[in-house]
Amino acid sequence: MSSQDEGIPGVTIMYPVVKVSGDSVHQSSVEVCTESRVMLFLNDTLIGDLSVTPVDLESFAIGHLICEGYIREVREITSIKIMLPEIRVTSEGSSASAFKGKISKNSSGGSCRDLLPDCSLPPLPDGMSLGVDTIFSSMEKVNEYSVIWKRTGGMHCSLVIREDGEVICGVEDMGRHTTVDKAVGVALQKGVDISHCYLVCSGRLPVDMVAKAYRAGIPVIISNNAAFAGGIEFAKSTNMTIAGFVRPPKMTIYTGQHRIRSTVP
């Protein structure tokens with residue numbers, strides 16, 4: 001039996017538990033994260049059946065469509081209707097009609113459609129560069145935005161940050177992939193040119209995470225965790241920068257060192 005007397009409405013809930021510490025056993029209660037099923041439709045075609053944290057759902061829908069390559073611009077969207085578990089998006093854009101019913105059914109919120117092993121996508125421009133100090137400072141900001149994680153230990157966090165270090169937005173979600181969708185969606189709703197921004201993540205970086213940033217036009221991803229071989233190879237082929245294990249004063253640059261200033265050649 002659960003109680004909603006405490007916790008963050010709609011996002012967390014209090015549950016009775018038994019805690020064990022050495023020889024001590026006692027009754028207690030803990031705050032845990034909720035999850036919702038989301039069936040995402042584009043022009044009446046189901047394109048995703050996912051589990052997400054039930055907040056920022058409009059931003060999630062926008063970001064997911066961009067990050068998964070179903071549409072290219074927010075202005076292609078004509079309406080978004082949310083009535084869980086369904087989110088229905090209509091679009092009159094040419095890119096929306098071109099996907100021809102490809103379905104991404106993945107609880108993580110990411111897919112590997114058309115990525116590997118024969119990826120031949122146009123590279124992102126060099127554009128921006130970041131100082132090492134800016135990167136370290138940005139990674140520390142993840143802790144500031146991980147409010148629910150501090151209470152529950154059950155969330156991931158992603159931030160979209162301008163190249164000068166200004167945080168555009170920071171979001172939390174149960175899945176690391178869906179934090180990227182939401183963060184991109186929020187940034188685009190604010191009208192931000194995210195080609196001059198970078199993405200900061202709390203989770204590992206497989207190919208589908210890196211591809212989300214690519215499709216959104218974000219050239220740099222940093223994380224406090226590891227990158228996977230598929231993500232690294234995808235980033236190399238599309239001129240992206242990935243830095244992992246960013247934990248001041250250390251980090252590992254997997255690819256795209258030319259965008260990070262004050263590093264040894």
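## Surface and overall make-up

Accessible areas come from the Shrake-Rupley method with a 1.4 Å probe, and for residues only the protein chains shown count as cover. On this basis the protein chain exposes about 12500 Å², of which carbon and sulfur atoms supply 50%. The structure is a predicted model, in which local features need pLDDT of at least 70 and side-chain atom pairs count only at pLDDT 80 or more, while totals for chains, interfaces and linings use all residues. Residues are numbered from 1 along each chain as its sequence is written, and side-chain values use heavy atoms, with hydrogens and water left out.

The protein chain has seven helices and 14 strands, which are DSSP runs numbered from the N terminus (helices: H or I, at least four residues; strands: E, at least two). Of its 265 residues, 48% count as buried, where buried means under 20% relative accessible area, exposed over 50%, and partly exposed in between (1.4 Å probe, protein chains only).

## Helix 7 and its surroundings

Helix 7, which spans residues 229–237, has Gly231, Ile232, Phe234 and Ala235 as its buried residues. Seen down the helix axis, these residues fall within an arc of 165°, so they line one face of helix 7; the arc is that of the directions from the helix axis to the C-beta atoms.

The buried residues of helix 7 pack against helix 6 (207–216), strand 12 (241–247) and strand 13 (250–255), with contact meaning heavy atoms within 4.5 Å. Just after helix 7, Asn239 takes a positive phi of about 60°.
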